[in-house]
2 protein chains.
Amino acid sequence: MANVLIFGHKNPDTDSITAAIAYAHLKKQLGVDAEAVRLGEVNDETAYALEKFGFEAPRLVEQVAAETDQVILVDHNERQQSADDITDVRILEVVDHHRIANFETADPLYYRAEPVGCTATILNKLYKENGVEIPKDIAGLMLSAIISDSLLFKSPTFTEEDKKAADELAAIADVDADEYGLAMLKAGADLSKKTLDELVNMDAKEFEMGGKKVVIAQVNTVDVDDVLNRKEELEDLLYRVIAERELSLYMLAITDILENDSTVLILGSEAEAACTAFSTPLENNLATLKGVVSRKKQIVPVLTEALSN
Amino acid sequence: MANVLIFGHKNPDTDSITAAIAYAHLKKQLGVDAEAVRLGEVNDETAYALEKFGFEAPRLVEQVAAETDQVILVDHNERQQSADDITDVRILEVVDHHRIANFETADPLYYRAEPVGCTATILNKLYKENGVEIPKDIAGLMLSAIISDSLLFKSPTFTEEDKKAADELAAIADVDADEYGLAMLKAGADLSKKTLDELVNMDAKEFEMGGKKVVIAQVNTVDVDDVLNRKEELEDLLYRVIAERELSLYMLAITDILENDSTVLILGSEAEAACTAFSTPLENNLATLKGVVSRKKQIVPVLTEALSN
């Protein structure tokens, strides 16, 4: 059992899984007894990336305090997105690219956040700052994370720094980023065989906005109807989730990775307020958000503003 | 009026003032229209450092939102230590070396915290990472901050990284750190002519611990009796502060910079709990904390733990 556990958020995406692996590698090179772990199931897209570059999924951990009293968070900081018992351990470091909220420590720590599109872009800098070379297979994982978070370099979260990192990592990994990237995204975008539970839990994050509990889930697809064909059953399931978790809003963004638009299913007492915030009509609990592909940059700030007033 | 205001915490110390000046200089070199400002009076120690290296004090600002909608925080992050209207502006960046608490943003940001003794040590890295040379006079200010925060390299907060930075900065500034440092500390340690109000406001920070409001003030001196001779009047003043601000605890640490101990005046409903946490008896509202010179490392964590249970 390692001394320091490194993990990304619940419902891990490709950035959360690969950032844990890459940062654990870097820390080990620097003499820290670190292990990458995960807080949830590996999705199909991430599985594709892990296999492509020859990695096993990190070990699944449900409670961290039973194993260690020192952790490092990557790709998240908000308490409700982290391990359930996160308040029982000491957070030594955070490497992240999200807003900061519901985060508090008793002691000083190393906290490195940058407003870039992907944790891997920051890790790419940390390797350099520490004078450690990125191995070919780790570079492939880090490239996969940038492709995932930027939907193949098209999301508005994708910055010049991400582009620079992606170019460097593709060269080290020796892959054609566009070709490999589309294959990886497609591997994660086949929703037709997913159960409803799997669909809504693939990438769901909980937020607190103006004192209200909000869940925003996102799935990527090449065919929105794979999800909409099951709208009624989905609603039944989500109404139950809203009641059980006392949510004010549940938003499921179904993002078309070829068109770069999102169809959103919006339920809960704040559904109308959410639609007003996006200046879009709500019909049958559905709305279309043209050009919206980024939860972090295009959804969370709009809802935070709307629900905080 | 600059586009981006950069400032340290209320009741600014040498690190807060000089970090604002140094980081504003760096940002300007990088093309950002930035101005260093301050949220309170410059203390005698800082005034000594500013004069030594030929700087004016930054402009005093009381409300930031009237001037700009973009700010950068240095040497702090907690809301109650920042500008009163901090929630009305967007925090673009934070460069800090304290715990993170009472801090929240709607958007991703650049956040650089490291568990080192001084903001200047992190700024020294940022100059290097951005390939900007530190001017001689700015290096002098940054060295002053490290001397101040480490009580001339003796505080337990002083790390190897701080030492390395101090050595580099002393070489650039071309000063004898020990000789200059003692003179600077002494300039700030003459408390005999301070009014009571000045004494308790020189370096007072408010914290939230386990839902309770706590103020921990610290003064440096070469003669503890300069303060203790006025103990009764001090208590009258502090009881009033406790009532007005609804504090559970007011701790004034009188730190002897030659002996490296602190005599603490402790008032409020949690005074006994505080003493228990430090395993020291409270007599006449006074306690002695042997070897304690760092609020951040030796006082805040102990009280946070004690008051949160």
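A polar contact is a pair of N or O atoms within 3.5 Å, where, within protein, one atom must be able to donate a hydrogen and the other to accept it, and where residues adjacent in sequence count only if both atoms are side-chain atoms. By this rule, four residue pairs, both members at pLDDT 80 or more, are in polar contact across the interface of chain A and chain B. The model is a predicted one, in which local features need pLDDT of at least 70 and side-chain atom pairs count only at pLDDT 80 or more, while totals for chains, interfaces and linings use all residues. Residues are numbered from 1 along each chain as its sequence is written, chains are lettered from A and ligands numbered from 1 in the order in which they are written, and side-chain values use heavy atoms, with hydrogens and water left out.

The interface is described further by its area and its residues. Buried area is the accessible area (1.4 Å probe) that two parts lose on being put together, summed over both, and between chain A and chain B it comes to about 2000 Å², of which carbon and sulfur atoms give 59%. On the side of chain A, R99(A), I100(A) and P108(A) lose the most area to chain B, together 26% of what that side buries. When contact is taken as heavy atoms within 4.5 Å, 23 residues from chain A and 23 residues from chain B take part. A salt bridge is a side-chain nitrogen of Lys or Arg within 4 Å of a carboxyl oxygen of Asp or Glu, and the count of these between chain A and chain B is zero. Helices (H or I, at least four residues) and strands (E, at least two) are DSSP runs, numbered from the N terminus; of these elements, β6 (110-113) and α11 (295-308) of chain A each supply at least two residues of the side that touches chain B. The largest share of that side, four residues, comes from β6(A).

Over all chains, the structure holds 36 salt bridges. In one of them, K125(A) is joined to E114(A), with the closest N and O atoms 2.7 Å apart; K125(A) lies in helix α3 (residues 119-129) of chain A and E114(A) in the loop between β6 and α3, 11 residues apart. Buried means under 20% relative accessible area, exposed over 50%, and partly exposed in between (1.4 Å probe, protein chains only). K125(A), at 24% relative accessibility, therefore counts as partly exposed, whereas E114(A), with a relative accessible area of 3%, is buried. In chain B, the side chains of R99(B) and E78(B) meet in a salt bridge (2.8 Å, N to O). Because R99(B) lies in the loop between β5 (90-96) and β6 (110-113) of chain B and E78(B) in the loop between β4 (70-74) and β5, this pair ties together parts that are 21 residues apart in sequence. Both R99(B) and E78(B) are buried. Salt bridges that share partners also join R112(A), E114(A), K125(A), E129(A) and E161(A) into one network.

Positions from the UniProt record were examined next; they are given in the numbering used here, with feature names shortened, and annotations may be inferred rather than shown by experiment. An unreviewed UniProt entry places the feature "binding site" at H9(A), D13(A) and D75(A). These residues span 67 residues in sequence, yet no two of their C-alpha atoms are more than 9.5 Å apart, so they gather at one spot. H9(A) is placed in the loop between β1 (4-7) and α1 (14-29) of chain A, and D13(A) is found in the loop between β1 and α1. H9(A) is buried at 0% relative accessibility, and D13(A) is buried at 12%. Not counting residues up to four places away in sequence, the residues that H9(A) touches include D75(A), H76(A) and K205(A), while D13(A) touches N43(A), T46(A), D75(A) and D149(A).

The unreviewed UniProt annotation "domain: DHHA2" covers residues 181-307 of chain A, a span that is 43% helix and 28% strand and whose end C-alpha atoms lie 36 Å apart. In strand β10 (residues 261-267) of chain A, seven of the seven residues are buried. Two strands pair if DSSP finds at least two bridges between them; β10(A) pairs in the antiparallel sense with strand β9 (residues 249-256) over seven bridges, and with strand β11 (residues 286-289) over four bridges. T263(A) is the bridge partner of I254(A), and L286(A) that of L265(A).
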